[in-house]
Amino acid sequence: IDFIQALQLEGNKEKKEAEEVSEYKKLRMTIEETKKSLPVFPFRNSLIEAIKKYQILIVEGETGSGKTTQIPQYLHEAGFTNEGKKIGCTQPRRVAAMSVAARVAQEMNVKLGNEVGYSIRFEDCTSDRTVIKYMTDGTLHREFLSEPDLASYSVMIIDEAHERTLHTDILFGLVKDITRFRPDLKLLISSATLDAEKFSSFFDEAPIFRIPGRRFPVDIYYTKAPEADYIDASVVSVLQIHATQPLGDILVFLTGQEEIETCVEMLQERTKRLGKKLKELVILPVYANLPSDMQAKIFEPTPEGARKVVLATNIAETSLTIDNIIYVIDPGFAKQNNFNSKTGMESLMVVPISKASANQRAGRAGRVAPGKCFRLYTAWAYKYELEDNTVPEIQRINLGNAVLTLKALGINDLIHFDFLDPPPHETLVLALEQLYALGALNHHGELTKAGRRMAEFPTDPMLAKMLLASEKYKCSEEIVTIAAMLSVNSSVFYRPKDKIIHADTARKNFFHPSGDHLTLMNVYNQWVESDFSVQWCYENFIQYRSMKRARDVREQLAGLMDRVEIEMVSSITEDMNIRKAITAGYFYHIAKFSKGGHYKTVKHNQTVMIHPNSALFEELPRWVIYHELVFTSKEFMRQVTEIESKWLLDVAPHYYKAKELEDSTNKKMPKTIGKASKT
Ligand code: ADP
Ligand code: MG
């Protein structure tokens, strides 16, 4: 990689800086000292004054200045929790909510879950004593269902507002509305970047409180030519920095868990080969499903004389601040959920980041000392190919879930909802249509009884519908298991590079002839039979942690089933019922075999393929249902199960017509089938 040469020439000049860095690291600060060293600290009193004076305040301050961890503590100390009310703080990402809560509990010297807690989907770690509560924006969105005036809060902080996730965007409208009839509720909108003016004008010209950041200069390096394989390029860059550069930790931005795990393995392997020639390299991953004990590790101080390398998703861009990062490696990509409102198809894609993201990433190298950022793309690409800003989620993803929750909150007129940036009209219409087809709305657009039940589930409406449908098909036990497994699906099977053949053989032993949904169920049920054994997971190349999480999710879902009064019954001998229930939820995700191993989606004739890891990869049944589309080299269907096309007329008579489902190879499908059906 070509910027390395430039680096080596600079080698000597850097030594002095390095001494400064390690000097810095010898300074093991106490918690109290650390708190006082944060940029927000000098503003403690003026901030409290401003909050007392104004109902709504926009807080802007650079990442790492202490907004998330300190402001709730200041408010608590200033008496905002005296009358039995809480301080709430939303985070777009679950890992951030957990990790920040853990940090604040530590700073306040209390047990996590008591005075300081967090609440994320499927996991509530709070108690009656909780006064500072971190939660995901999605969780607060759902809390509106049970507490529409947020009566238990004295202050609500919508944090990381610049991330502009769908839930955060909707919360803007909801909390703005509440401040009108709850004059005692304080509202803080906190953001890391320059959108403050925009937030201010949305919130009726609320004042902006700016916390000046401290930033050291960051040198930026580009590659001379595009990198063909950014994973490999990242690994090589890490090793070259490690070999040639003064001590200081490295942060690498990758797009997801799989990539990060691959990178961890490659680094472990190569550093092992290099042996004692190099100093110790501590390799640490960070991604959304990372278990909490591993999360804590990234914040532990780097051992004397060693270097830490953190491999993270864009969670480390602004949500989490890892101290002592001096080097940033930025391949320039992120995973994004995208929705095509023309085809109604949603898919997870790796896309180039925006200039704003690239600059945030680079900034992470300059928090404690002058830093360096290595961009694995060309200066030209930065200038001409990257967009200025990331498009807010509300303008690019499926709104089904959001619309369902808003309807359940009694907000019927979505066209006139107070959006910071309104979603495209056709996306909104599509969401309404989808909810209608799922039976959640009637033809006036009002919530039906089924819709009300669906809204009880903090999931995609399709998954909620599948859960409801299990009542009719008498297979709630199985469907709840499948739903839980789907929620952790990408990380169930463990595939270490050096044991791929063993791992794949083990995986094949779980294969169910009808496809991946029942395969996942097999995995879960056998694990239950093993008495939730760790050893069993190890022997079968199953990720124990994912299974444990699936078990938690399953328990939560079973609780919600009880709330909507669906009895838990089993239909294990009848896998057709299970597949019908899945179809009742996911009938939008149907593809039909076309030719040459390709499939076509039924409504929009898009070419898609079965993912190579699927149980059906070699089977190629005529009709399949898939859980999600993932775009890598091609558009792949992940979690695929064989179905019969005639079920579609049963489960979605408004959506499918018999003609669309005719088999070219089987023209004799009975014509009456379309009429005989009813949901
Ligand atoms: P901001 O919200 O302004 O970006 P934060 O409040 O998140 O800033 O971070 C302030 C400081 O707290 C940073 O130095 C960060 O490293 C530290 N910090 C945050 N979470 C943890 C944690 N879980 N463990 C240790 N330190 C943490
Ligand atoms: Mg923050």
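## An exposed loop residue

A residue is called buried if 20 or more other C-beta atoms lie within 10 Å of its own, exposed if 12 or fewer do, and partly exposed in between, with C-beta atoms placed from the backbone. Ala 225 counts as exposed because it has 10 C-beta neighbours inside 10 Å. You will find Ala 225 in the loop between strand S9 (218-222) and helix H9 (230-244); helices (H or I, at least four residues) and strands (E, at least two) are DSSP runs, numbered from the N terminus. Ala 225 and Ala 381 are 156 residues apart in sequence, with their C-alpha atoms 9.7 Å apart in space.

## About the model

This is a predicted model, in which local features need pLDDT of at least 70 and side-chain atom pairs count only at pLDDT 80 or more, while totals for chains, interfaces and linings use all residues. Residues are numbered from 1 along each chain as its sequence is written, and chains are lettered from A and ligands numbered from 1 in the order in which they are written.

## Helix H21 and its surroundings

Let's look at H21 next. This helix has 14 residues and reaches 20 Å from its first C-alpha to its last, close to the 20 Å expected at 1.5 Å a residue (the expected span is 1.5 Å times one less than the number of residues). Its buried residues include Asp 516, Leu 520 and Trp 527. Among the elements covering the buried residues of H21 are H19, helix H23 (544-563) and strand S21 (635-642). After H21 comes Asp 531, with a positive phi near 65 degrees.

How do H19 and H21 cross? The axes of H19 (residues 476-487) and H21 (residues 516-529) come within 9 Å and cross at roughly 95 degrees; axes are lines fitted to C-alpha atoms, for helices over the stretch in contact, and angles run from 0 to 180 degrees between N-to-C directions. That makes H19 roughly perpendicular to H21 (65 to 115 degrees; under 35 is roughly parallel, over 145 roughly antiparallel and the rest oblique). Residues in contact have C-beta atoms, placed from the backbone, within 7 Å; here they include Ile 482 of H19 and Tyr 524 of H21.

Helix H15 (residues 400-408) and helix H16 (residues 425-437) pack at an angle of about 75 degrees, with axes 9 Å apart. H15 and H16 are therefore roughly perpendicular to each other. In this contact, Gly 400, Val 403 and Leu 404 of H15 meet Ala 431, Leu 432, Gln 434 and Leu 435 of H16.

Technical notes: Contact = placed C-beta atoms within 7 Å.
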